[in-house]
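Subject: Structure handover

Hello,

Here is the structure for your files. Please open it next to this note, which goes through what was found.

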Amino acid sequence: MSSALSGEQTEPRRRGKIASFFLDDHRYVLLGTSVVALVGMLLSSQPRPEMSFLAKAFTVELVMYYLLAAWLVLSAVALVFKLTHWSNYAETAPFTKPAVRRVLRYIAYVVWAITLVLIVDRVVMGVASAWSVAVTATERPGDDFLQNILWMFWVSRDTYLVGVTTTIELAVIGTVVAFFLALVLVFCRIQTIDKPDNDFIRFWKVVGSGFAKVYSTVVRGTPMMVQAMIIYYGVVGVLSGTGLTATEMNAVWSPFVAGLVTVSLNSTAYMMEVLRGGIASVDKGQAEAARSLGLSQLQTMVKVVFPQGIKYAIPGLSNELVINIKDSSVLSIISVFDLTFGARTVGGNYYQYFPAFLIAAVIYLILTMIATWLLGKFARRFDVKVETMGSTSDQPVKVEE
Amino acid sequence: MAMNTATSAEPMVRIEGLRKSFGNLEVLRDINLAVMPGEVVTIIGASGSGKSTLLRCINLLETPDAGHVWFHGADLAAEHVDVNRLREKIGMVFQGFNLFNNMNVLDNCTLAPVTLKKMKKPEAEQVAMRHLEAVGLANFAKADVNNLSGGQKQRVAIARALCMQPDLMLFDEPTSALDPEIVGEVLEVMRGLARDGMTMVVVTHEMQFAKTVSDRVVFMDKGIIAEEGSPAEIFGSPKHPRTREFLARYLDDKSDE
């Protein structure tokens, strides 16, 4: 390597993590880039997909392959050198000189570029050709798994679309309805007897707070799947007494409506506890100050305690949307046509449940990731941090008594 | 406020046979106290002697177990009494400031007048600005309360209480949470209030303040009022042995600094 470069010493510059990764010289450039080269070589030895552009430029790929191989050889030489000069590698090895390191960095760029080209050629083009086969095929393509799964997705796209729409509707509407119900319920829950209250108000405060307590215990103590069954068939039972026909009944009380009611009522209990936690973490002095000015219990809650408590509760509340996206899947038990039900339908059509649910899983993941991202953006406007991904509703909510 | 300075025969606050326990702990045992209009009463005593609880019983932040608290002739301790109306006339300043964190300085001051006195917002803001000016914080009207220093917060808290035009101000260790060098700015505001004839009950550890500003000093010990009298009596010739002990220890501590 040329020694003309060796004179200059670049002063260390402060860079971000990603910029530093690409722009600074590294001790492990040989080791790390070898892995990249190896990936490239492995990809190159894979059969070419139909849409591969390197198929038409065989020599180019051959040259690329040997460049990668040369890098591996170079790394192997460095490794042997390291092993034989263990104690004084830093002083003796040609690989540690600043100029050589810089050249190695430039070559590493080439290795990365070659591997990227190979990734596009084999992986991206592979998916693209499988996709083009899948969307044009009139019947199930052969044994190729990728083509098969893409074909299933393409052929059943309407089913999945209906499922996704239903899931989003259930989760979004359910969460919004639950939020307002939870606001009402938590308001009942935290009522305490206040001096100016007359007996009538005292009675309703005790009833309201008791109801909220029982509601929360019952709903959080039973599975949503069971709740869905009870709500759906319970109302069906009541309606069947009215002499409605099945079609009329379905218009009033469809599985979707029942599912929406279930999600809303279920989520209400969890959101109430989240809100209660948020309200409990508001400093007691806030309420005391408001009361000392003469504000009533109600005014204190509405103007001082609730706004602060809800802010504390935002991370937990937004988590509830993510949970509802996932947990609405249990509603397929009452044949709500959500994403899970759609996947089961598709799987049943082709006797292939594994790819059908794999597709569903990917869609669920995309949905929850989008929801988390949006809620994070939303929460940042309120100056609060959010947990990254929703847990399930099975996780017990912390309750302080 | 000016009318309060006239000494009338009727006390503004009259406490009779007040008792309060937390569980097995008797915090207040048979307290009797009267505060005349325009009077500045300081309550001193060791930690845990029940000073703060007594103060909090006056506006019913603590519910007494027994006894009576009359304010302008109405018994606060009676069942179903509209404490909210009475509290409008009793301002309170807390050790921990307790400014509303979800509002700016001005909104802290206007919340109660707008909500309770049905005052129009601009009018309430005018009143608030006057009080903020008086405590030297007019420039901070639009500031977020979380960005203020402790002394500034406490002065806002005083202004907030004054916006309701109270007849009585309760101060619960208003300077205990402050750094020594900014205690003065809060005490200065309180001195000004006392000069203007505000009726004040102050729980404090600032003996100098108690000595120079108050009309009457109350010494509490283990839930009872052990001794009360003019500052000259209490600080000059305390009669009760516990008072002597407390003041001696207090002045010792102070001279160490």
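**What was found**

A:Phe378 is partly exposed, with 42% relative accessible area. Buried means under 20% relative accessible area, exposed means over 50%, and partly exposed is in between (1.4 Å probe, protein chains only). A:Phe378 belongs to helix 15 of chain A, residues 353-381. Helices here are DSSP runs of H or I with at least four residues, strands are runs of E with at least two, and both are numbered from the N terminus. The C-alpha atom of A:Phe378 is 9.6 Å from that of A:Ile314, although 64 residues separate the two along the chain.

Some ground rules. This is a predicted model, in which local features need pLDDT of at least 70, side-chain atom pairs count only at pLDDT 80 or more, and totals for chains, interfaces and linings use all residues. Residues are numbered from 1 along each chain as its sequence is written, chains are lettered from A and ligands numbered from 1 in the order in which they are written, and side-chain values use heavy atoms, with hydrogens and water left out.

**Chain A**

Chain A has 15 helices and 0 strands. Its radius of gyration is 31 Å, well over the 21 Å that the globule rule gives for 401 residues, so chain A is more spread out than a compact globule. That radius is taken over C-alpha atoms, and the rule is 2.2 Å times the number of residues to the power 0.38. The C-alpha trace spans about 95 × 65 × 30 Å along its principal axes.

Two domains are assigned in chain A: domain 1 covers 2-137 and domain 2 covers 157-380. The bounds come from an automatic or database domain assignment. Their C-alpha centres lie 51 Å apart.

Of the 401 residues in chain A, 43% are buried. Contact means heavy atoms within 4.5 Å. Take the chain A contacts between residues at least 6 apart in sequence: 74% of them join residues at least 24 apart. Chain A exposes about 22300 Å², and carbon and sulfur atoms supply 68% of that. The areas come from the Shrake-Rupley method with a 1.4 Å probe; for residues, only the protein chains shown count as cover.

On charge, chain A has 33 positive and 28 negative side chains, with the centres of the two sets 8 Å apart. Lys and Arg count as positive, Asp and Glu as negative; His and the chain ends are not counted. Each charge is placed at NZ of Lys, CZ of Arg, CG of Asp or CD of Glu.

A:Thr33 sits in helix 2, residues 29-44. A:Thr33 is buried, at 4% relative accessible area. Leaving out residues up to four places away in sequence, A:Thr33 touches A:Trp71, A:Ala108, A:Val111 and A:Trp112. Its C-alpha atom is 60 Å from that of A:Lys213, 180 residues away along the chain.

A:Lys205 lies in helix 8, residues 199-220. Why does A:Lys205 count as buried? Its relative accessibility is 10%. Beyond neighbours within four places in sequence, the contacts of A:Lys205 are A:Gln191, A:Thr192, A:Ile193, A:Asp194, A:Asp197 and A:Gln297.

**Chain B**

Chain B comes to 10 helices and 10 strands. A compact globule of 257 residues would have a radius of gyration near 18 Å, and chain B agrees, at 18 Å. Its C-alpha trace spans about 55 × 50 × 40 Å along the principal axes. Buried residues make up 55% of the chain. Chain B exposes about 11000 Å², 49% of it from carbon and sulfur atoms. The 28 positive and 35 negative charges of chain B have mean positions 3 Å apart.

Look at helix 4 of chain B, residues 105-116. Here 10 of the 12 residues are buried, so helix 4 is largely enclosed by the rest of the structure. Among the buried ones are B:Cys109, B:Leu111 and B:Pro113. The cover includes helix 13 (297-327) of chain A, along with helix 5 (121-134) and helix 6 (150-162) of chain B.

**Two loop residues in chain B**

B:Gln165 is in the loop between helix 6 and strand 7 (168-172). Its phi is near 50°, a positive value in a residue other than glycine. B:Gln165 is partly exposed, at 35% relative accessibility.

B:Lys222 is in the loop between strand 9 (216-221) and strand 10 (224-229). The phi of B:Lys222 is also positive, near 50°. B:Lys222 is exposed, at 54% relative accessible area.

Best wishes
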